[in-house]
Amino acid sequence: MIEARGLSKRYGDKWAVYNLSFDVRPGAVTGFLGPNGAGKSTTMRLILGLDEPTAGTVTVGGHPFRRLPNAPRQVGALLDAKAVHGGRTARAHLKCLAQLSGIPDRRVDEVLDVVGLLGVAFQRSKGFSLGMSQRLGIAAALLGDPQVLLFDEPVNGLDPEGIRWVRELMKRLAAEGRTVFVSSHLMSEMSLTADHLIVIGRGQLIADTSVKDFIERSASGYALVRTPDEDQTATLTTALTEAGGSVEALPDGALKVTGVPLPGISDLAHEADVRLWELSPHSGSLEEAYMALTQPAVDFRSTTDRRAGLLQELPPPPAPVLPQSSEVLESEAAR
Ligand SMILES: Nc1ncnc2c1ncn2[C@@H]1O[C@H](COP(=O)(O)OP(=O)(O)OP(=O)(O)O)[C@@H](O)[C@H]1O
């Protein structure tokens, strides 16, 4: 379990993360989403004790990371797949990490096997593709057989087979009761992998919810309706509009209908003597929900977006509550 409370980090005059409170629970894959620069990597670094919070706390298994007994066996992380000594072979790299953490050498071959790199174990990692480096980073995260795993963009650079492998690995790790916290920009992938989502924008919490609720709350579902000909489509459009529905004609002749439930559409068609060739429900996608919720918190926008200049800057966050003196003492003691 990871617990963040009022977690804040300021670099110069910029709050990279501000007043974040959330729990990442065991037994589930928790996706960590947010636009570029939202503060995901900063949050992960704070969890791993690689940076000190300006205010607030974050603990893993009840302890700040730096005071976690036997940390490498409790927490594994992939932050930057290319942050490897490229002159070493994959096996030597993992052996070195294992020795530093008191992990037996035999575990090195086990994790190389799990990530599919046994065949290149004696190759220097500087010749590795991004996908192979990702696999090596994942192997390093798994070395201590930890209960808590953090992955920052683990599918970056992987081919479709690799992406599917990471998805299944994450699900398996969570099914074993581990805490799995994973950031990604690939919404379609996250909708297949994650059970729960934590979404941030400009360093602040936007949503902490199940994937299902996130989509239901922010992406609207619709019905797709198709009739045999234009006349019947026009008749049905009138009937649906009179019943309070919204109807959009799609280029292929189908209708996208919101505001009338599926049985209601069927009844209206029957009453208007319209035959239906298609009546199908379509739920919103994670990408749609994500775009709707994070639009105001996007820092970097393409210049082809004509609305860009119209969007208001978010007001700067108010000054954070400073940590209690006991928290300051705790963080001093942890240094
Ligand atoms: N060491 C640092 N010094 C100064 N500013 C930093 C530092 N690390 C992060 N930042 C700033 O903090 C903000 C959050 O950055 P962070 O890398 O955590 O975002 P992110 O959500 O991981 O982004 P991305 O999706 O692009 O990787 C950014 O504005 C970034 O420029």
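The questions and answers below concern a predicted model of one protein chain.

Me: How many helices and strands does the protein chain have?
Reply: The chain is 335 residues long, and 36% of these residues count as buried. Among contacts with a separation of 6 or more, 69% join residues 24 or more positions apart. The secondary structure comes to twelve helices and 13 strands.

Me: In what order do the six strands of the open sheet lie?
Reply: The pairing in this sheet is mixed. Its edge strands, each pairing on one side only, are strand 5 (75-78) and strand 9 (204-210). From one strand to the next the twist averages 15°. The order is 5-6-7-3-8-9.

Me: Which residue in strand 9 stands opposite Ile200?
Reply: Strand 8 pairs with strand 9 over six bridges, in the antiparallel sense. The two strands form a hairpin with two residues between them, and in this hairpin Arg202 takes a positive phi near 45°. The residue opposite Ile200 is Leu205.

Me: How many residues of strand 8 are buried?
Reply: His196, Ile198 and Ile200 point one way from the strand, and all are buried. Leu197, Val199 and Gly201 point the other way, and they too are buried. Strand 8 is thus mostly covered, the count being six of six.

Me: What angle does the direction of helix 8 make with that of strand 9?
Reply: Helix 8 (residues 211-218) packs on the sheet. There it touches strand 8 and strand 9. Its direction and that of strand 9 make an angle of about 110°.

Me: At what angle does helix 5 run to strand 5?
Reply: Helix 5 spans residues 130-142. It lies across strand 5 and strand 6 (148-152). To strand 5 it runs at about 170°.

Me: Are helix 3 and helix 5 roughly parallel or roughly antiparallel to each other?
Reply: Two packed helices are described by the angle between their axes and the distance between the axes. For helix 3 and helix 5 the angle is about 25° and the axes are 10 Å apart. Angles under 35 degrees count as roughly parallel. The two helices are therefore roughly parallel.

Me: What is the handedness of the crossing of helix 3 and helix 5, and which residues in helix 5 meet helix 3?
Reply: The crossing is right-handed. On the helix 3 side, the residues in contact are Ala90, His93, Leu94 and Leu97. On the helix 5 side, they are Leu136, Ala139 and Ala140.

Me: Why do the buried residues of helix 4 line one face of the helix?
Reply: Helix 4 (residues 106-114) has Val108, Val111 and Leu112 as its buried residues. An α-helix has 3.6 residues a turn, so residues three or four places apart point the same way. Seen down the axis of helix 4, the buried residues therefore line one face, falling within an arc of 105°.

Me: Against which helices do the buried residues of helix 4 pack?
Reply: Helix 4 is followed by Gly116, which has a positive phi near 80°. The buried residues of helix 4 pack against helix 3 (90-100) and helix 5.

Notes
Residues are numbered from 1 along each chain as its sequence is written. This is a predicted model: local features need pLDDT of at least 70, side-chain atom pairs count only at pLDDT 80 or more; totals for chains, interfaces and linings use all residues. Two strands pair if DSSP finds at least two bridges between them. Helices (H or I, at least four residues) and strands (E, at least two) are DSSP runs, numbered from the N terminus. Axes are lines fitted to C-alpha atoms, for helices over the stretch in contact, and angles run from 0 to 180 degrees between N-to-C directions. Two residues are in contact if their C-beta atoms, placed from the backbone, lie within 7 Å. A residue is buried if 20 or more other C-beta atoms lie within 10 Å of its own, exposed if 12 or fewer, and partly exposed in between; C-beta atoms are placed from the backbone. The arc is that of the directions from the helix axis to the C-beta atoms. Angles under 35 degrees count as roughly parallel, over 145 as roughly antiparallel, 65 to 115 as roughly perpendicular and the rest as oblique. A crossing is left-handed if the near helix is turned anticlockwise from the far one by less than a right angle, and right-handed if clockwise.
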